[in-house]
Amino acid sequence: MSTADPEALSQARSEAVVDSDSLSCPVPRSGHDTIQMGHGSGGRMSAELLSGTFLAAFTSAELAALGDAAVVDTPGGRLAFTTDAYVVTPRFFPGGDIGRLAVSGTINDLAMMGAKPLYLAAAFILEEGLPIEDLRRIVASAAATCKEAGVPLVAGDTKVVDRGSGDGVYITTSGVGIVPAGIEIGPDRARPGDVVIVSGAIGDHGIAVMSVREGIEFSGDLASDAAPLHILVAGLLEAAPGVRCLRDPTRGGLASTVNELAGASKVCIELDEAAIPVHAPVRGACELLGLDPMYVANEGKLVAIVDSSEAGAALEALRSNPLGREAAVIGRVTQGPAGMVSLRTAAGSSRIVDLLAGEQLPRIC
Amino acid sequence: MKYLEEFRDPKAVRELAVRIAAKATRPWVLMEICGGQTHTIVKQGLDRLLPESVEFVHGPGCPVCVTPLEQIDRAIAIARRPEVTFCSFGDMLRVPGSDTDLLEVKSAGGDVRIVYSPLDALALAQKRPDRQVVFFAVGFETTAPANAMAVAQAKRLGVENFSVLVSHVLVPPAILTLLASPTNRVQAFLAAGHVCTVMGYTEYEPIAAKYHVPIVVTGFEPTDILEGVLAAVTQLEEGRAEVENAYARSVTRQGNQPAQSLIREVFQVTDRKWRGLGSIPSSGLSLSEAYRDFDAELRFDVLDVRAEEPAACRAGEVLMGTLRPNACEAFGTLCTPEHPLGAPMVSSEGACAAYYRYGRTAPGGTAP
Amino acid sequence: MCLGIPGRVVEKHEQEGLLMGVVDFGGVRRTACLAYLPEIEIGEYTIIHAGFGISRLDEDEARQTLELLAELGEAEALAQVDVNDRGEVVSPAVGAEGRQAGV
């Protein structure tokens, strides 16, 4: 073709409409179904993912500003600062998903120190091949949980790893909050005579996740209890400002948490088996799998140790919140060997409640 | 849960303990041979509710604990193979072999999976014809019907990439071995309720007669176990030695006939080594001739496996009931659930694990 | 291996030549193989082990045992205080444990 012929050139140009599918040079297509390595490269695909998925759901001004860091005002006071990682699989389960879990869990870490949560940050590590629809659902769920809690996500990051290097999606988070003056909560503050309270039925989350795990599927009225607890805690602290210990019984369950508190406070704790609330389907699933509900994870419950004089007020405050409707006194801190947790069975005998060695495996025997 | 939780009624449990105390005028030694019963007894502290005169000795009732070391090593060898998807009940994953366990094989990249039923493993084999799916068929007679059905189905449907590594054991030969031992102190047995649900209890009648020991078929909930104890103590006090059924809501004298029939077809009785106890004749099951194609031991050529137990492990004595877990020198020191020397410290039904977990760490069985 | 749990059969169907069912355990449901209980009816209870029904729970026997347990429970409630032959007060919950505690 002669470059001297303008008409021929113009015709050639109009014929040369880019058909990207047939190109051998790798200009990326837009409109992907799954995460590609390009989404993590920092270029156009990353920007599309950011605006189309993350910014569409998380609506804080700080995030929209797209700075390298969020700059925020804080009221001043003691800063509570936490970090967490979420790797749960399967990523969707009855009652929740990894997104809701990440937001609730981070807020709860702050709440357990008595802090008012202020801001969250999250980094998403995405595996090449993750369906973008899954990511959208997770992000939407996380954003909805932020909104429900009134705690915005102000900073974020995304990376993509090769197929086979991740498990679909991992989320790491950080959160900050302010602990009001006068609040002194810590795992080492329990004393003999104190009362142990749980905010509701145990085992819901772990069983819900297990119910959709391959090889063990079962169905029933099961739902994860994942929920942000900071409002519940605020109500509790207003009624019982002398709360000594707060902890959410996540992995390892109630038994592990109570052991941690007994160990940190160097006290003996005695639990009352009949008083520990467990929903019937969770009980059924635990019987079926040979699991002990005391070791099953919770994501929307707290354990509180309070002075006996405040126990009544604490219980009432918890029960007045829907998330604490089934709150119950489950034990006492006693004089006894430091760090020991025992359980009085319904029949009147007692046994030690120990920390687990490794993961609780479903037993057949 | 219906037909389960009512049998835990604490008032009835306490009253049964009172009646047992009233009935026992002399010391008696009872043994249960069932991991599930051991678990309930230790977890619910039932032995502590009993009068001192009635002593519980825990028998070799945990099939995980008695699976021979060689079989664990074979399982590990098979699971390591890249083409194998190794399926097992959860309990087996932490049992120590000669130098490692299945959980470590998994963390090193082996495809090891927990299943709830052998049919799940079969379904996996059907879904993944590119994999060799092996199921670790461990258990007493209770689990034999499930394993038999999986193998029979595999043959019927032509699922050639499925095989089983068999380590089944039978209860009556173990009782005979215990009774024949010169150090035996056991005077009455609680027979495992679900083993008998499958097999019935006719096999126990000649044993009771020959050795003059009461054998009471017992369930698993606290009231079931104490009812079994009360029945056994009553027989002992009255000088009787009969097979009695204290779990009649599930057990009949003849047991489940269709299950027994398929077990007889798919399996044959064989001599078996019990970990810690040695070889007991005619005490195990292996695949019968017609089903030998599904035998993982033959398919994967792992017959030559040498196994060595750690010297400090006294599991055998614990399993025979002659040594209390917390009287073993290694208990709680060299041997803990995190670093078990032997199987009874690993399995949730093992006597050592139960003692450790529920606080029987001081000698004499009292909590610190 | 003994963990057998009672559940109620809520549905039966055939799958690849095997009788299967859905069993309800206090609100949780799971599929199980009912091939060894060819005569079990919907609404009846079965003991499930490793995904298989191994017996049909005899509800009459269960009821009898429960009645007996109820009687025991009442007896316990009445006998809050008991006296042994040495004239010492012995409460019902005292077993070896209580004696060790010096009660």
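Biologist: Which residues of H2(B) are buried?
Modeller: B:Gly35, B:Gly36, B:Gln37, B:Thr38, B:His39, B:Thr40, B:Ile41 and B:Val42 are the buried residues of H2(B). Buried means 20 or more other C-beta atoms within 10 Å of the residue's own, exposed means 12 or fewer, partly exposed is in between, and the C-beta atoms are placed from the backbone. Helices (H or I, at least four residues) and strands (E, at least two) are DSSP runs, numbered from the N terminus.

Biologist: And the source and numbering?
Modeller: This is a predicted model, in which local features need pLDDT of at least 70 and side-chain atom pairs count only at pLDDT 80 or more, while totals for chains, interfaces and linings use all residues. Residues are numbered from 1 along each chain as its sequence is written, and chains are lettered from A and ligands numbered from 1 in the order in which they are written.

Biologist: Back to H2(B), why is it largely enclosed by the rest of the structure?
Modeller: Because eight of the nine residues of this helix, residues 35-43 of chain B, are buried. Just after H2(B), B:Gly45 has a positive phi of about 65°.

Biologist: How many residues does the contact take from chain B and from chain A?
Modeller: 36 residues from chain B and 22 residues from chain A. Contact here means C-beta atoms, placed from the backbone, within 7 Å. On the side of chain B that touches chain A, at least two residues each come from helix H1 (10-23), H2, helix H3 (46-49), helix H4 (63-66) and strand E4 (111-114) of chain B.

Biologist: How does that side divide by class?
Modeller: Into 18 nonpolar, seven polar and 11 charged residues. Ala, Val, Leu, Ile, Met, Phe, Trp, Tyr, Cys and Pro count as nonpolar, Asp, Glu, Lys and Arg as charged, and the others, Gly among them, as polar.

Biologist: Now chain C against chain B: how many residues are in contact?
Modeller: 42 residues of chain C are in contact with 48 residues of chain B. H1(C) gives the most to the chain C side, with 10 residues. By class, that side has 26 nonpolar, 10 polar and six charged residues.

Biologist: In what order do the elements of chain C run?
Modeller: From the N terminus on, β-β-β-β-β-α-β-β-α, with two helices and seven strands in the chain. Of its 103 residues, 43% count as buried.

Biologist: What is B:Ile20 in contact with?
Modeller: Leaving aside neighbours within four places in sequence, B:Ile20 is in contact with B:Leu50, B:Pro51, B:Val54, B:Leu226, B:Val229, B:Leu230 and B:Val233.

Biologist: In which sense do E8(B) and E9 of chain B pair?
Modeller: Parallel, over three bridges, with E9 being residues 243-245. Strands pair if DSSP finds at least two bridges between them. B:Ile215 stands opposite B:Val243 in E9(B). The chain goes from E8(B) through H12(B) to E9(B), a left-handed β-α-β crossover. Right-handed would be a clockwise path from the first strand over the helix to the second, with the strands pointing away from the viewer. Strand E7 (residues 188-192) of chain B also pairs with E8(B) in the parallel sense, over four bridges, and B:Leu190 stands opposite B:Val216.

Biologist: How far apart are the centres of the two domains of chain A?
Modeller: 27 Å, taken over C-alpha atoms. The bounds come from an automatic or database domain assignment. 22 residues of domain 1 are in contact with 21 residues of domain 2. H4(A) gives the most to the domain 1 side, with nine residues.

Biologist: Last one, A:Asp157: buried or exposed?
Modeller: Exposed, with 12 other C-beta atoms within 10 Å. A:Asp157 lies in strand E5 (residues 153-161) of chain A.

Conventions:
Contact = placed C-beta atoms within 7 Å.
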